[in-house]
Amino acid sequence: MRRRLSRSLALSRIPGLVARLAERTPRREEFPDRPWAAVAIILAPDPDSILLIRRAERDGDRWSGQIALPGGRWSAGDPDLDATARRETREEVGVDLSGVPVAAMLDDLAPRTPVLPPIVVRPFVFCLPSAAPVVPNVEVAAAWWMPFDTLLNPELLRPMEFERYGTLIRGVGYHLEGGVLWGMTERILTPVLELLR
């Protein structure tokens, strides 16, 4: 098993990707009046993949049904946003990131569409030695490991348009089998994937 794991990591693009991400200085947003949230970009080799979720359909949830990264709002019990990303990941998909170091932090992001609440999201990158089993909770309709090679298909990232909460939304998204990955999640993942091209 150990020999197979070493071979998997040796052939993986993840160490090089993380090294390039860690070299960057993430942009920080200053919005003292906005709530904060954190998401986890969880990477695993064999094949090189990222953990994605589909949020459950829920009334009043502006991210209802969307393909996303595990994560959520900061809670008063969280010492920092790193802890928020870890807690939300454990709650949403049962993946325990305790003891897993943060490999990189990415730029803070705020929503660009008026249908979403004014929140600021900080993405954290974590690397696992292999794809962990996922056990979605009631907030998550599905969770899966998406190979990098699927997301790197240039035909998947293309324009999208739909109406939500009475607002016409236009942008780009990854047109996957299970739906369109768009919005903040697309804005987080596209710069990461560009480092692999």
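## Ground rules

Because the model is predicted, local features need pLDDT of at least 70 and side-chain atom pairs count only at pLDDT 80 or more, while totals for chains, interfaces and linings use all residues. Residues are numbered from 1 along each chain as its sequence is written, and side-chain values use heavy atoms, with hydrogens and water left out.

## The chain as a whole

The chain has 5 helices and 10 strands; these are DSSP runs, with helices being H or I of at least four residues and strands E of at least two, numbered from the N terminus. Of its 197 residues, 47% are buried. Here, buried means under 20% relative accessible area, exposed means over 50%, and partly exposed lies in between, using a 1.4 Å probe and protein chains only.

The accessible surface comes to about 10300 Å², and carbon and sulfur atoms account for 54% of that. Areas are from the Shrake-Rupley method with a 1.4 Å probe, and for residues only the protein chains shown count as cover.

## Two nonpolar cores

A nonpolar core is a set of buried Ala, Val, Leu, Ile, Met, Phe, Trp, Tyr and Cys residues joined through side-chain atoms within 4.5 Å. The largest one has 32 residues, and Leu 43, Ile 50, Leu 52 and Leu 176 touch the most other members. Two or more residues each come from α2 (14–23), β1 (36–44), β2 (49–55), β6 (120–127), α4 (148–151), β9 (167–176) and α5 (183–194). The largest share, 5 residues, is from α5. Apart from this core lies another, of 20 residues, including Ala 38, Ala 68, Val 93 and Leu 97.

Two residues are worth a click in your viewer. Beyond its neighbours within four places in sequence, Leu 43 is in contact with Ile 14, Leu 17, Val 18, Ser 49, Ile 50, Val 125, Phe 126, Cys 127, Leu 128, Trp 145 and Phe 148. Leu 151, found in helix α4, is buried with a relative accessible area of 1%. Leu 151 and Leu 193 are 42 residues apart along the chain, yet their C-alpha atoms are separated by 7.8 Å.

## The cavity

On a 1 Å grid over the protein atoms alone, a cavity is a set of points where a 1.4 Å probe fits but cannot get out, and lining residues have an atom within 4 Å of a point. Grid points are joined across faces, edges and corners, and the volume is the space filled by probe spheres set on the points. The structure holds 1 cavity of 30 Å³ or more, with about 40 Å³ of space in the largest cavity.

Its lining consists of Leu 17, Ile 41, Leu 43, Ile 50, Phe 148, Leu 189, Val 192, Leu 193 and Leu 196. β1 and α5 each give two or more residues to this lining, and α5 gives the most, with 3. By class, the lining has 9 nonpolar, no polar and no charged residues; Ala, Val, Leu, Ile, Met, Phe, Trp, Tyr, Cys and Pro count as nonpolar, Asp, Glu, Lys and Arg as charged, and the others, Gly among them, as polar.

## The loop between β1 and β2

Asp 46 and Pro 47 both sit in this loop, joined by a cis peptide bond with omega about -5°. Asp 46 also has phi near 70°, a positive value in a residue other than glycine. Asp 46 is partly exposed, with a relative accessible area of 43%.

Key. Contact = heavy atoms within 4.5 Å. 1 Å grid on protein atoms, 1.4 Å probe; cavity = no way out; pocket = protein on both sides within 12 Å on 5 of 7 lines; lining within 4 Å.
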